[in-house]
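I open my notebook on this structure today.

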Amino acid sequence: SGGRYANGKLKVRQFYVLPSKDVEYDKGLQFLFKFYGCLGNLLSSKSGPSFGAVLPDGSYAPSLDRTEQALDFMQEAMTAAELEWNTHLVVGINVDASMCYQAEKNKYELTVSQWKSSDDLVNYYADLVSQRPYIRLLEDPLAKSDTVGWRKLRERLNEDCTLLSSFDLDPEPQSDE
């Protein structure tokens, strides 16, 4: 989990690790258990048991300051588990950007005191997915009202990453012209 549920600067809601689409159910569970155990050991070894605190839902809640920090921990756990991204597991990120959006500033604060425009976030997500192609899902990466940003993000990510929204989006957002 990490993100908003922990004590760091990162306001992203949570990180998911999911079986790859071609993995059978029972194998996917095995991969997830192996990964989860390695991640727990890694988080505990980094800063003791409190760093890898476990939430009531069973997810870990390490104190994180950047999205990349979470992804780096996940990469270390994948290596320790002797698993491969996209072959065995993939990553999803629930950004829940509406909770990080301030309309009066027209900016997002995904990390404490670091404000980004919609265009900044679109570029950030496109770069992140390009650099880490195992990120296959972004949930609520932009605010519902940011229809122009959603259109731009769909164009940039195309088929590289699934965009999921917890709210209804206009299928044809209004042009920014």
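I looked up the crossing of two helices first. H3 passes H4 in a right-handed crossing. I note that this is a predicted model.

Next I checked the residue ranges and the geometry. H3 covers residues 118-131, and H4 covers residues 147-157. Their axes lie 10 Å apart, at an angle of about 20 degrees. Angles under 35 degrees count as roughly parallel. H3 and H4 are therefore roughly parallel to each other.

Which residues of H3 and H4 make the contact? From H3 I listed Ser-118, Asp-119, Val-122, Asn-123, Tyr-125, Ala-126, Asp-127 and Val-129. From H4 I listed Gly-149, Lys-152, Leu-153, Arg-156 and Leu-157. I sorted the contact by class: six residues are nonpolar, three are polar and four are charged.

Then I turned to the strands. Is strand S4 largely enclosed or largely open? S4 spans residues 107-111, and four of its five residues are buried, so the rest of the structure largely encloses S4.

I looked up the pairing of S4 with S3, which is residues 101-102. The two strands are antiparallel and share two bridges. Gln-102 has Lys-107 of S4 as its bridge partner. Four residues sit between the strands of this hairpin, and Asn-106 there takes a positive phi near 55 degrees.

Last, I followed S4 to S5, residues 114-116. This pair is also antiparallel, with two bridges. Tyr-108 stands opposite Lys-116 in S5. The hairpin of S4 and S5 has two residues between the strands. In its turn, Ser-113 has a positive phi of about 65 degrees.

How values were computed: Residues are numbered from 1 along each chain as its sequence is written. This is a predicted model: local features need pLDDT of at least 70, side-chain atom pairs count only at pLDDT 80 or more; totals for chains, interfaces and linings use all residues. Side-chain values use heavy atoms; hydrogens and water are left out. Axes are lines fitted to C-alpha atoms, for helices over the stretch in contact, and angles run from 0 to 180 degrees between N-to-C directions. Angles under 35 degrees count as roughly parallel, over 145 as roughly antiparallel, 65 to 115 as roughly perpendicular and the rest as oblique. A crossing is left-handed if the near helix is turned anticlockwise from the far one by less than a right angle, and right-handed if clockwise. Contact means heavy atoms within 4.5 Å. Ala, Val, Leu, Ile, Met, Phe, Trp, Tyr, Cys and Pro count as nonpolar, Asp, Glu, Lys and Arg as charged, and the others, Gly among them, as polar. Buried means under 20% relative accessible area, exposed over 50%, partly exposed in between (1.4 Å probe, protein chains only). Two strands pair if DSSP finds at least two bridges between them.
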